[in-house]
Amino acid sequence: MEELIKRAKKIKAILTDVDGILTDGKVNFFVTPEGKIDEFKSFNTQDGIAIMLCRGAGIICGIITGRRHPTTVERARNLGYKYIYQGFLTKTGPLKDILAREGLSAEEVAYIGDDITDMPLLKRVGFAATVPNALDCVKECSHYVTKRAGGDGAYREIIDFILNAQGKLAPQIEQMDQSEWKAGPKAEMEIITSQEGIA
């Protein structure tokens, strides 16, 4: 646990996959009135507050996902994510890009994922996290496995752990008690889309 707290204290950016982390991993398809196939995703409101807490703590948040869908983009925009890379099944490029843009080292980044496409990042970052129903090989290369499931507050659990380790959660809760809390400003979101992934 001490080693985990040490890792969490260094984190300046938190990056995540979407399906299986911010959602329960199920993709729900439906037919539109025009006869087209579309999908919808369910997100957790507690995870949404986590982004606001990160903004208040000055931590950068980003998404790297293999799928491309406007629902994810709008969710990210509404909450104030700084980066969204969509359509990237190969995720090392986006990580390198964010490190270069922000002047960060890999050990200053947390990444959360649950499948084999996430493993290259989990092996590189300073704080690698996953969820209980992730593949065993993913758990093996992660530093932290959440108690809560993806789409059911797992993301919030990780954010709370990191902010607690840095002493940045309690001051925000105290501000809420005094009705003075304001999340930090929303970043202007960068949307980078690849055709590699799943539409």
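Reader: How much space lies in the largest pocket?

Author: About 180 Å³, where a volume is the space filled by probe spheres set on grid points joined across faces, edges and corners. This is a predicted model, in which local features need pLDDT of at least 70 and side-chain atom pairs count only at pLDDT 80 or more, while totals for chains, interfaces and linings use all residues. Residues are numbered from 1 along each chain as its sequence is written, and side-chain values use heavy atoms, with hydrogens and water left out.

Reader: What makes a space a pocket, and what makes it a cavity?

Author: On a 1 Å grid over the protein atoms alone, a pocket is an open set of points with protein on both sides within 12 Å along at least five of seven lines; a cavity is a set where a 1.4 Å probe fits but cannot get out; lining residues have an atom within 4 Å of a point. The lining of the largest pocket includes Asp-17, Asp-19, Arg-67, Lys-91, Asp-114 and Asp-115. By class, that lining has six charged, three polar and three nonpolar residues. Here Asp, Glu, Lys and Arg count as charged, Ala, Val, Leu, Ile, Met, Phe, Trp, Tyr, Cys and Pro as nonpolar, and the others, Gly among them, as polar.

Reader: How many cavities of 30 Å³ or more are there, and which element gives the most to the lining of the largest?

Author: The count is one, and about 50 Å³ of space lies in the largest cavity. Helix 2 gives the most to its lining, with three residues. Helices (H or I, at least four residues) and strands (E, at least two) are DSSP runs, numbered from the N terminus.

Reader: Why does Lys-41 count as buried?

Author: Its relative accessibility is 11%, and buried means under 20%, exposed over 50%, partly exposed in between (1.4 Å probe, protein chains only). Lys-41 therefore counts as buried, although it is found in the loop between strand 3 (37-40) and helix 2 (45-57).

Reader: What makes the pair of Lys-41 and Asp-19 a polar contact?

Author: Their side chains come to 2.9 Å. A polar contact is a pair of N or O atoms within 3.5 Å; within protein, one must be able to donate a hydrogen and the other to accept it, and residues adjacent in sequence count only if both atoms are side-chain atoms. The pair is listed as such a contact. Asp-19 also lines the largest pocket.
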